Amino acid sequence: MAQQLIGFIGAGNMANSLAGGMIAKGIRPARIWMSDPSKDRLDEVSQLHRVHVTHDNLDVARRVDVLVLAVKPQVMGDACADLREIIAERQPMVISIAAGVTVANLREWLGDAPIVRCMPNTPALVQAGATGLFAAEGVSEEQKTMAGQILSAVGLTFWFEEEKELDAVTAVSGSGPAYFFLLMESLIDAAVAQGLDAATARQMVLQTAWGAAQLAITSEAGPEILRQRVTSPGGTTAAALGVFEEAGFREQVQAAVAAARERSEELAE
């Protein structure tokens, strides 16, 4: 990213994680600016990362080449309205990580600017995220590269040609951690029901989930093959999976993801 300065409007968990990830990958803290109304949050960020902090959004926007909008969707319009004149004058690349805020929304609030819209997920908080990105018209290849480098600091990145594809990204990776958490929660409850103590059940389930994910990530075989390798005909795993299949597990997953995508589309309207 050469020597570009990067600014964050909002210093919440995701902004904090992005800053920490960039610094871990060699970006000097002096190149990062963060603004937030909370003094406690700015003090925490300053002590943790040694970046520049301020309460003044305009001060950040005047300085940086890349401006990351990391505020809640419900206050994005007001935040953008204050930045409109500076962005029109300086034309920094704008990266939005707010769910449900479309490029059309951002253009209405900010005017014409190079905009990249992103959909990260909560594992980004531990540098294990999966982020979908869409570059609006007017974003250069150099700017796309910069946006990818920023978001890849917290995990894998995936570019999409159509903005509407981010609704599917929201339904799969954005909401996806909750699906796995629900399975973990249910498996812990099932383990306790079978006589294991709660603490042991929790540790065993979380380690199994972590191990299965690591195996899937590092193996050349896909999840289907890995599942088959665990499943002996007539064995215990086959008995359990038979219950899932009879209950329509795959169809329920399809319906759940479709419902999440539909809701994402509604929120973007």
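Helices (H or I, at least four residues) and strands (E, at least two) are DSSP runs, numbered from the N terminus. By that rule the chain has 12 helices and eight strands. This is a predicted model, in which local features need pLDDT of at least 70 and side-chain atom pairs count only at pLDDT 80 or more, while totals for chains, interfaces and linings use all residues. Residues are numbered from 1 along each chain as its sequence is written, and side-chain values use heavy atoms, with hydrogens and water left out.

Start with the overall extent. The C-alpha trace spans about 70 × 40 × 35 Å along its principal axes. The chain has 269 residues, and 40% of them are buried. Here buried means under 20% relative accessible area, exposed means over 50%, and partly exposed lies in between (1.4 Å probe, protein chains only).

Now turn to the empty space. Rolling a probe the size of a water molecule over the atoms shows where empty space is left. The search runs on a 1 Å grid over the protein atoms alone. A cavity is a set of points where a 1.4 Å probe fits but cannot get out. A pocket is an open set with protein on both sides within 12 Å along at least five of seven lines. Lining residues have an atom within 4 Å of a point. Grid points are joined across faces, edges and corners, and a volume is the space filled by probe spheres set on the points.

The second largest pocket holds about 750 Å³ of space. Its lining has 30 residues, and the closest to its centre are Gly-12, Met-14, Ala-70, Val-71 and Lys-72. Two elements, α1 (13-24) and α4 (73-90), each give two or more residues to this lining. Helix α4 gives the most, with five residues. By residue type, the lining of the second largest pocket divides into 16 nonpolar, nine polar and five charged. In this count, Ala, Val, Leu, Ile, Met, Phe, Trp, Tyr, Cys and Pro are nonpolar, Asp, Glu, Lys and Arg are charged, and the others, Gly among them, are polar.

Gln-91 lies in the loop between α4 and β5 (93-96). Its phi is near 55°, a positive value in a residue other than glycine. Gln-91 is partly exposed, at 34% relative accessibility. Gln-127 also has phi near 55°, again positive in a residue other than glycine. Gln-127 sits in the loop between β6 (115-119) and β7 (129-135). At 42% relative accessibility, Gln-127 counts as partly exposed.

Next come the cysteines. A disulfide is a pair of cysteine sulfur atoms within 2.5 Å. The whole structure has zero disulfides. Cys-80 is buried, at 0% relative accessibility. Cys-118 is buried too, at 1%.

Gly-148 lies in α6 (residues 141-151). Gly-148 and Cys-118 are 30 residues apart in sequence, with C-alpha atoms 9.8 Å apart in space. Gly-148 is buried, with a relative accessible area of 12%.

Two further pairs link separate parts of the sequence. Leu-110 belongs to helix α5 (residues 103-110). Leu-110 is buried, at 1% relative accessibility. Pro-29 is in the loop between α1 and β2 (32-35). At 23% relative accessibility, Pro-29 counts as partly exposed. The C-alpha atoms of Pro-29 and Val-51 are separated by 4.8 Å, although the residues are 22 apart along the chain.

Finally, look at the rings. A pair of aromatic rings is described by the distance of the centres and the angle of the planes. Rings of Phe, Tyr and Trp (its six-membered ring) pair if their centres lie within 6.5 Å. Planes under 30 degrees apart count as stacked, over 60 as edge-to-face and the rest as tilted. The structure holds one aromatic pair. The rings of Phe-244 and Phe-249 have centres 5.3 Å apart and planes at 45°, so the pair is tilted. Phe-244 is partly exposed, at 41% relative accessible area. Phe-249 is partly exposed, also at 41%.

One charge sits over a ring as well. That term requires NZ of Lys or CZ of Arg within 6 Å of the ring centre and within 35 degrees of the ring normal. Lys-144 lies over the face of Trp-159, at 4.7 Å from the ring centre.
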